[in-house]
Amino acid sequence: MTSTDASAETVTRDYPSIDDVSVSLTDGVLAVTLNRPDSLNSLNRDMLDAVADAMEVAATDPAVRVVRLGGAGRGFSSGAGISEEDQNAKGHDAAAVLDAANRAVAAIVALPKPVVAVVHGPAAGVGVSLALACDIVLASDQAFFLLAFTKIGLMPDGGASALVAAAIGRIRAMRLALLADRLTATDAYDWGLISAVYPADEFDAAVDKVLAKLRNGPAVALRKTKQAINEATLTELDDAIAREREGQLELLVANDFREGAQAFQQNRRPEFTDQ
């Protein structure tokens, strides 16, 4: 998909588009939308690469003032796909999916422009990582957040071990990650995990106001502010991603993950046996 010219003097870039991720640029707002609604926008390698590609192109596109990252349908993202279709897809490579997720998160954090996560429904697994990598996280009161990894014998990835702890501290991060409890948007706001929560019928208008404020704000000041806060609070992100990658690659070939994935597909309680 090709972005539109913001002015006669603005040089815009071409944004790659795939069926499951739509990208459009309007009035300085780059909208990147996960578009696999039938699976609550479950993520595969191509989708994560498309998100990273969009962020990396936007970094050098003067027409982009702010990026909106959202999901189509009922939710933001249910995380990396673990359905039988996803696991058996041609060319499926769990390590490559993990690397693509890490690349997408890194691209969001590094983007020298504000990125707003628009979470109107469920955000789970690495979907939480994508949302929390953004600079502003806006949620509908119908949204919730779920680090569901341990439910299937995995550990948080996509930098979640650093992103969550940086926002809400060690003890609450442990609770979310170890117990895999669902956190409502209201509680997520009270805990400091997200920026704001709005009633569902007011959500779109509230999002538009935030995007307009950032779009019309001082670009250089916003860039330097984002960089300063990230460098002060996300000092462990690179190391966290490396630790998560090492641990997750071990877990992905373990018996507990095979059992967890099968139990998820069969809609039953898993029986974990690894020690």
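Good morning. The lining of the second largest pocket divides into 15 nonpolar, five polar and two charged residues; here Ala, Val, Leu, Ile, Met, Phe, Trp, Tyr, Cys and Pro count as nonpolar, Asp, Glu, Lys and Arg as charged, and the others, Gly among them, as polar.

The model is predicted, so local features need pLDDT of at least 70 and side-chain atom pairs count only at pLDDT 80 or more, while totals for chains, interfaces and linings use all residues. Residues are numbered from 1 along each chain as its sequence is written, and side-chain values use heavy atoms, with hydrogens and water left out.

In total, 22 residues line this pocket, and Cys134, Asp135, Ile136, Ile229 and Asn230 lie nearest its centre. A pocket is an open set of points on a 1 Å grid over the protein atoms alone, where a 1.4 Å probe fits, with protein on both sides within 12 Å along at least five of seven lines; lining residues have an atom within 4 Å of a point.

Which elements give two or more residues to the lining? They are α4, β6 (136-140), α5 (160-168) and α9 (219-233). Helices are DSSP runs of H or I with at least four residues, and strands are runs of E with at least two, numbered from the N terminus. The largest share, six residues, comes from α9.

Let us turn to α4. Ala101, Ala104, Val105, Ile108 and Val109 in α3 meet Val126, Ser129, Leu130 and Ala133 in α4, contact meaning heavy atoms within 4.5 Å. The residues of this contact comprise eight nonpolar, one polar and no charged. Thank you.
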